[in-house]
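Hi,

Here is the structure I promised you.

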Amino acid sequence: MQTVTVALGERSYTIHIGQGALDEVGQVLAQLPVTKKALVVTQPAIAAAYGDRVLQSLRAQGFAAETFEVLDAEEAKSLDWLERLYNRAVELRLDRRSPMIALGGGVVGDLAGFAAATYMRGVPFVQIPTTLLAQVDSSIGGKTAINHPRGKNLIGAFYQPRLVLIDVDTLQTLSERELRSGLAEVVKYGVIAKPDLFELLEGCTTEGLRQDGALLTRVIRDCCQIKADVVAVDEHETGIRAILNFGHTFGHAIEAAGGFSTYTHGEAVAIGMVWVTDLSQRMGLCQPELLARVKRLLQSLGLPIALKARIEGIRETILLDKKAVAGRLRFITVERLGQVSIRDDVPSQLVGEIIEEGLSAHSLSKEEVPIGAT
Ligand SMILES: NC(=O)c1ccc[n+]([C@@H]2O[C@H](COP(=O)([O-])OP(=O)(O)OC[C@H]3O[C@@H](n4cnc5c(N)ncnc54)[C@H](O)[C@@H]3O)[C@@H](O)[C@H]2O)c1
Ligand SMILES: [Zn+2]
């Protein structure tokens, strides 16, 4: 088992990463100052695949453990499901030291995390992330939230878990699309902080990676280490934590313009990373070779590097974003692998060009090449 520490003084915690980690949750949790009544928040399919192992491990250490299953959809991050979760906690008479455990992807983690942050003004929170995105990103760093009908993650809190336990074997049952989606975040870490991770990925395929538990453990540990280091110096994202948003300014806008259904988060971020690397290159910040390399890697991992079809609203969403950051567009630009900067001075005309060209690029897809063209 590998471990990474998120150093936050009294609120520091350990991320345990390895194969078969699910069977150790009871033992690891028993070391923490918690009472022996736990609530595992999950989703039906995840409960069917992994619920029993987690419950058994907890019960073997004397925990009275129960599960609560939420809807398998983004809609679970709602006031309605939050209330149902509180009801279950009250019904089970969870006390201020009873751990609330999220077993699932980012949806379960964000909802359970917000519930844990607010139930009795905060109960111990444990993350057992089961998607690659949750393992390398959402389970670490303490962002928790539910959605408001007017916006994603509008209601939330910073609330750090007491423990993160990552069983890389759970990725065996993850759909290929979700796995690839998580890989977009892994590529992001390679670009912002770890050239050798980027290079390692250049020699991998998605399925090859999935089948190699030791390699998965190493890759996920590297990502967790980067996120842990960033969060330790800027927990509330007042500065450097923003580098984790590489590819996300464009990515969020693409995701939103696609109605959150055309592209997964990772797919939108993949396209966003291509666009922002292109932007960096046009600003003279990086070499054109870097753009080619980023595209090649994303493509080899089965991620999109251009839009599938023209979608409306990307520009408008970016402009909305602009209002949020004191009237300035904020991008994370890249100079070279492992070297990025947070910039508020990107010319909006250039941003407009990138979007316009991105919107037109899909017309170059194979199906639309005019007859006779080679
Ligand atoms: N808190 C943060 O810092 C942060 C960061 C990024 C994203 N997020 C949030 O995370 C959410 C997205 O998370 P996600 O991509 O994990 O999606 P998700 O939680 O919806 O999971 C994707 C799908 O995979 C299924 N699944 C999960 N684990 C599985 C497994 N091991 N085997 C088979 N199926 C499995 C889920 O049931 C679901 O159907 C969004 O709501 C986003 O806002 C939060
Ligand atoms: Zn992301």
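**Around the ligand**

In this predicted model, ligand 1 is surrounded by 22 residues, and the closest are Gln43, Asp72, Thr130, Thr131 and Thr173 (near means a heavy atom within 4 Å). By class, that shell has five nonpolar, nine polar and eight charged residues (Ala, Val, Leu, Ile, Met, Phe, Trp, Tyr, Cys and Pro count as nonpolar, Asp, Glu, Lys and Arg as charged, the others, Gly among them, as polar). At least two shell residues come from each of α2 (44-60), α4 (106-118), α5 (132-138) and β8 (151-158); helices (H or I, at least four residues) and strands (E, at least two) are DSSP runs, numbered from the N terminus.

Now the polar atoms. The side chain of Thr130 has an N or O atom 2.7 Å from a nitrogen atom of ligand 1, and a polar side-chain atom of Thr131 sits 2.7 Å from an oxygen atom of the ligand. Thr170 uses a polar backbone atom, 2.9 Å from a ligand nitrogen. On its own, ligand 1 has 870 Å² of accessible area, and the protein covers 82% of that (Shrake-Rupley, 1.4 Å probe).

One helix pair is worth a look too. Ala270, Met273, Val274, Thr277, Asp278 and Gln281 in α11 meet Pro288, Leu290, Leu291, Val294, Lys295 and Leu298 in α12 (heavy atoms within 4.5 Å). Those contact residues divide into eight nonpolar, two polar and two charged.

For the bookkeeping, residues count from 1 along each chain, with chains lettered from A and ligands numbered from 1 as written. Local features need pLDDT of at least 70, side-chain atom pairs 80 or more, while totals for chains, interfaces and linings use all residues, and side-chain values use heavy atoms, without hydrogens and water.

Cheers

Terms used:
A polar contact is a pair of N or O atoms within 3.5 Å; within protein, one must be able to donate a hydrogen and the other to accept it, and residues adjacent in sequence count only if both atoms are side-chain atoms.
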